[in-house]
Amino acid sequence: MHGQMHGHRHLAWHETLELHELIAFQANGLIKMKKAVGKIDCPELKGLYLETIQGLETNLRELLAFIPAAPMMEESRDHDEGDRALHAGDLLGFAKTSMRNYAAAITETATPVLRKTFVKHLLKAIETHEKAFNYMHERGYYPAYDLAQLLHNDVRNAQKALSMRYEQ
């Protein structure tokens with residue numbers, strides 16, 4: 001991989017943060033899909049889930065290969081966060097996606113009363129995001145100011161997602 005980095009010793013900070021977002025999002029999605037796939041009784045939908053699971057596993061393996069090139073990657077403390085961190089991260093991701101969707105919808109809205117409703121919902125999504133972030137940060141699930149620990153948590157969560165068994 002070093003030859004592909006064009007002479008730089010590590011990834012740039014901004015791309016490292018994008019790498020973090022993608023690993024965290026896909027690992028959480030993979031865990032949820034693996035938990036759900038065994039409950040799906042429609043063969044076609046189950047096939048779509050299995051295809052998506054395999055795709056996410058491939059994505060995560062490829063993305064994890066870049067972690068050693070992240071700036072300031074070092075050994076970090078480890079603690080078991082259980083499903084609370086997964087659920088909190090899911091809520092955080094949902095709020096973030098809601099904020100993006102409402103912001104985009106506002107730019108397409110011509111009807112004042114609908115725009116006002118969208119803005120009200122956007123503000124609620126912002127509040128939810130703040131509360132979910134604070135919950136995660138206070139418990140060490142989202143060490144936003146410690147890049148090495150953030151990446152370490154991502155790797156641990158992605159490895160958990162990859163090693164999880166599921167019904168095929």
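Predicted model: local features only at pLDDT ≥ 70, side-chain atom pairs only at ≥ 80, totals over all residues.
H1 covers residues 13-36. With 24 residues at 1.5 Å a residue, this helix should span 34 Å, and its end C-alpha atoms lie 35 Å apart, which agrees.

Leaving aside residues up to four places away in sequence, Thr-16 touches Leu-11, Ala-70, Pro-71, Leu-147 and Leu-151.

Stepping back, the protein chain holds five helices and zero strands, and from the N terminus on its elements run α-α-α-α-α. Of its 168 residues, 39% count as buried. Among contacts between residues at least 6 apart in sequence, 76% join residues at least 24 apart.

Here are the helices with their residue ranges.

| Helix | Residues |
|---|---|
| H1 | 13-36 |
| H2 | 43-64 |
| H3 | 82-107 |
| H4 | 112-138 |
| H5 | 147-163 |

Now to a pair of these helices. Two packed helices are described by the angle between their axes and the distance between the axes. For H2 and H5, the angle is about 145° and the axes are 10 Å apart. H2 passes H5 in a left-handed crossing. On the H2 side, the contact is made by Glu-57, Leu-60, Arg-61 and Leu-64, while H5 brings Val-155, Ala-158 and Leu-162. Sorted by class, this contact has five nonpolar, no polar and two charged residues.

What about the nonpolar interior? In soluble globular proteins, nonpolar side chains tend to be buried together. The largest nonpolar core here has 34 residues, and those with the most contacts inside it are Ile-23, Leu-30, Leu-60, Leu-64 and Ile-67. The elements that give two or more residues to this core are H1, H2, H3, H4 and H5. H5 supplies the largest share, seven residues.

Which residues does Leu-64 touch, not counting residues up to four places away in sequence? The partners are Ile-23, Val-155, Ala-158 and Leu-162.

Technical notes: Residues numbered from 1 in each chain as written. Heavy atoms only, no water. Helix = DSSP H or I, 4+ residues; strand = E, 2+ residues; numbered from the N terminus. Expected span 1.5 Å × (residues − 1). Axes fitted to C-alpha atoms, helices over the stretch in contact; angles between N-to-C directions. Left-handed = near helix turned anticlockwise from the far one by under 90°. Contact = heavy atoms within 4.5 Å. Nonpolar A, V, L, I, M, F, W, Y, C, P; charged D, E, K, R; others polar. Core = buried A, V, L, I, M, F, W, Y, C linked by side-chain atoms within 4.5 Å. Buried < 20%, exposed > 50% of the residue type's maximum accessible area, 1.4 Å probe, protein only.
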